[in-house]
Amino acid sequence: MPVTRVVLAEDEVLLREGLVGLLDRFGFQVLAAVGSAPELMDAARTHGPDLVVTDIRMPPGGRDDGLRAAVALRDERPDLAVVVLSQHVQAEYAAALLDSGDGRRVGYLLKDRVADVAEFVGHLRTVAGGGTVVDPDVVRRLLHRPRDPLAALSAREREVLALIAEGRSNAAIAAALHVTEAAVGKHVGNILTKLGLLPSDDTNRRVLAVLTYLRTQPSGGPPR
């Protein structure tokens, strides 16, 4: 069986070292083990792993930086296998991951599942082999969550819409995402179309898109 080459991202040092030892013991090759989202991006681009295993909450922001990095890497390499680990059930994060690439080669697992070593390793092998694994608790949450008006948007389109909600221009969004302004304009057009905001002389579609976005967020800002 070919050796699965892994880049691991976990900011808690003891857990990171424990995962490295676990992966080594079961025949995975750990190419890099890092503690922040920017380091994850650099390591994945440098080593070209078969599989990325990352915590969702990572420095520098300490929120969903690990997930954002994973989705960005999947944008660059849709065939990259990614497993994200979470302390809590977050259906929104799972949906963002499943929206990346073609929805295959992804896994969303609660950290508690790592305690069952055989099951955890089996999940990693499933994802690396082209399958998809989502924690049962997350599946239940996804099935019972209310309809999301942003459900049709891709992960990148949601990211663009969030930056629009911060009041940024297309040029500023392009600079923040390291893409061209033309690419941002295309994303904005897709967002407005998917939200059903047709051209009109009486309304500002960009403002309406922001209002739709804000209505989906918990009080105080984006999902934590």
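**Ground rules.** I am working with a predicted model, where local features need pLDDT of at least 70, side-chain atom pairs count only at pLDDT 80 or more, and totals for chains, interfaces and linings use all residues. Residues are numbered from 1 along each chain as its sequence is written, and side-chain values use heavy atoms, with hydrogens and water left out.

**Helix α9.** I looked up α9, which covers residues 181-194. Helices here are DSSP runs of H or I with at least four residues, strands are E runs of at least two, and both are numbered from the N terminus. The 14 residues of α9 should span 20 Å at 1.5 Å a residue, and its end C-alpha atoms are 20 Å apart, which agrees. The expected span is 1.5 Å times one less than the number of residues. I then listed the buried residues of α9: V184, V188, I191 and L192. They fall within an arc of 95° seen down the axis of α9, so they line one face of the helix. The arc is that of the directions from the helix axis to the C-beta atoms. Buried means under 20% relative accessible area, exposed over 50%, and partly exposed in between (1.4 Å probe, protein chains only). On the other side of α9, I found A182, K186 and T193 exposed. The buried residues of α9 pack against α7 (155-165), α8 (170-177) and α10, where contact means heavy atoms within 4.5 Å.

**Helix α5.** I next checked α5 (residues 117-128), whose twelve residues reach 17 Å from first C-alpha to last, close to the 16 Å expected. F120, V121, L124 and V127 are buried in α5. These residues cover an arc of only 125° around the axis, which puts them on the same side of α5. The buried residues of α5 pack against several elements, including α1 (13-25) and β3. Just after α5, G130 takes a positive phi of about 110°.

I found R156 in helix α7. R156 has a relative accessible area of 16%, so it is buried. Not counting residues up to four places away in sequence, R156 touches D75, L177, V179 and H187. I placed D64 in the loop between β3 (51-55) and α3 (65-76). D64 counts as buried because its relative accessibility is 15%. Leaving aside neighbours within four places in sequence, D64 is in contact with I56 and Y93.

**L211.** I located L211 in helix α10 (residues 205-215). L211 counts as partly exposed because its relative accessibility is 39%.
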